[in-house]
Amino acid sequence: MSDKTILRALRGEVLPTPPVWMMRQAGRYLPEYRATRAQAGDFLSLCYNSELAAEVTLQPIRRYGFDAAILFADILLLPQALGVDLWFETGEGPRMSTTTTPAELAALKGCDDIHDTLAPIYETVRILRRELPSETTLIGFAGAPWTVATYMIAGHGTRDQGPAHALKATDRATFAGIIDRLTEATVEYLAKQVEAGAEVVKLFDSWAGSLKGQDFEDFAVAPTARIIAELKARFPGLPVIAFPREAGEGYVGFAKKTGADCVAIDNSVSADWAAAHVQKDGCVQGNLDPRHMVTGGDALVEATREVVRAFSKGPHIFNLGHGITPDADPENVALMVETIRKG
Ligand SMILES: Cc1c2[nH]c(c1CCC(=O)O)Cc1[nH]c(c(CCC(=O)O)c1C)Cc1[nH]c(c(CCC(=O)O)c1C)Cc1[nH]c(c(C)c1CCC(=O)O)C2
């Protein structure tokens, strides 16, 4: 059994000091990230340049000694590998060709045909397993089908996921077909990451909170459960983190329903609530408000201690409730890590 702290927490151990990493820890708040991104040319070129993607993954590990590194890539590379056009508009985020009709669904590539496009991502994982310190856990990831589908259906990011909800209402078969194709492709994508050396995988369902009632069961819980079951059948004991962001009461029982080893918690719920209702079933990850990385000071120290205290009776991986933002101050990250480790 590995004694890496993240893996111990994922097995359900309660550690005296929670292990820590941050969503988007390799990102624009770091000057060294901005320099490497400029060297690569643009964001997508950075994702597909294995040497440079490994370099930006390692940067926050060198600076802060985080307990985990997360592969540098993006959840939208998988639809790109399925044949969708993807580009990033500066300052505006991702843009894609839309998939909303039976013909466009039928035109997507098969799940075995994604690996040519994604080969550089697997190479990044292999480089990282060689270069990471022996105590650092390597996390691979993918988007959950619903969240990825919201981008494929709209062609861009949306506040309310309106186009995806509309397709679900008007052409359920095509909508469900997109979810199924993504579910199958995600299994193959994550399986290759694990074969290349990812020790944990995380599923990002950033828009899970807009699925209500039975839709949440059908399109957040069920695809996640299927992906986890298929991965664990191939890789027994593989730890999985699920992040059904803003699921609210949907967090309750999510680990049991999906087979996830850890549920990541956003900051729309309090740490005390999550400790009582989610951590009772196993490991949780979260949930400091990322705005503290911008504002810092005593409030950051107090809020960090509060998250540590609230989750101290069960297995816990310290993280933010969502990704660190580009306007964050790197000094505040250092203060957070020091507060966690020194009390
Ligand atoms: C929805 C989503 C995406 N990507 C991701 C999600 C789910 C998590 C979340 O809710 O944030 C996940 C993601 N994106 C990125 C990672 C790498 C690992 C990490 O450091 O966490 C991960 C895990 C790099 C990235 N992905 C992106 C950046 C910024 C790109 C840049 O350097 O300009 C990074 C570091 C771009 C991206 N990628 C995406 C959007 C909407 C954007 C634009 C918004 C933005 O600019 O922050 C899609």
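I started at Ile139, which touches Ala68, Ala69, Ile70, Leu71, Ala198, Val200, Val201 and Lys202, leaving out residues up to four places away in sequence. For contacts I used C-beta atoms placed from the backbone and lying within 7 Å of each other.

Ground rules, before going on. I number residues from 1 along each chain as its sequence is written. This is a predicted model, so local features need pLDDT of at least 70 and side-chain atom pairs count only at pLDDT 80 or more, while totals for chains, interfaces and linings use all residues.

**Core.** Ile139 came up again here: along with Val263, Ile139 touches the most other members of the largest nonpolar core, which has 110 residues. Helix α10 (residues 172-196) gives this core its largest share, 9 residues. By such a core I mean buried Ala, Val, Leu, Ile, Met, Phe, Trp, Tyr and Cys residues joined through C-beta atoms within 7 Å. Buried means 20 or more other C-beta atoms within 10 Å of a residue's own, exposed means 12 or fewer, and partly exposed is in between, with C-beta atoms placed from the backbone. In soluble globular proteins, nonpolar side chains tend to be buried together.

**Overall fold.** I counted 16 helices and 9 strands in the protein. These are DSSP runs numbered from the N terminus, with helices (H or I) of at least four residues and strands (E) of at least two. Of the 343 residues, 49% count as buried. Residues 24 or more positions apart make up 72% of the contacts with a separation of 6 or more. Along the principal axes, the C-alpha atoms fill a box of roughly 55 × 45 × 40 Å.

**Binding site record.** The unreviewed UniProt entry lists Arg24, Gln25, Ala26, Gly27, Arg28, Asp74, Tyr151, Ser206 and His322 under "binding site". They span 299 residues in sequence and the farthest two C-alpha atoms are 22.8 Å apart, so they do not all gather at one spot. UniProt positions follow the numbering used here, feature names are shortened, and annotations may be inferred rather than shown by experiment.

- Arg24 lies in the loop between α1 (5-10) and α2 (31-40), has a positive phi of about 60° although it is not a glycine, and counts as partly exposed with 18 C-beta neighbours inside 10 Å.
- Asp74 is in the loop between β1 (68-70) and α5 (77-81), and is partly exposed with 19 other C-beta atoms within 10 Å.
- Ser206 sits in the loop between β5 (200-205) and α11 (213-234), is buried with 23 other C-beta atoms within 10 Å, and touches Thr147 and Arg245, not counting residues up to four places away in sequence.

Gln161 is another residue other than glycine with a positive phi, near 55°. I found Gln161 in the loop between α8 (145-154) and α9 (162-170), buried, with 22 other C-beta atoms within 10 Å. The peptide bond from Gly286 to Asn287 is cis, with omega near -15°. Asn287 belongs to strand β8 (residues 283-288).

Methods
Two residues are in contact if their C-beta atoms, placed from the backbone, lie within 7 Å.
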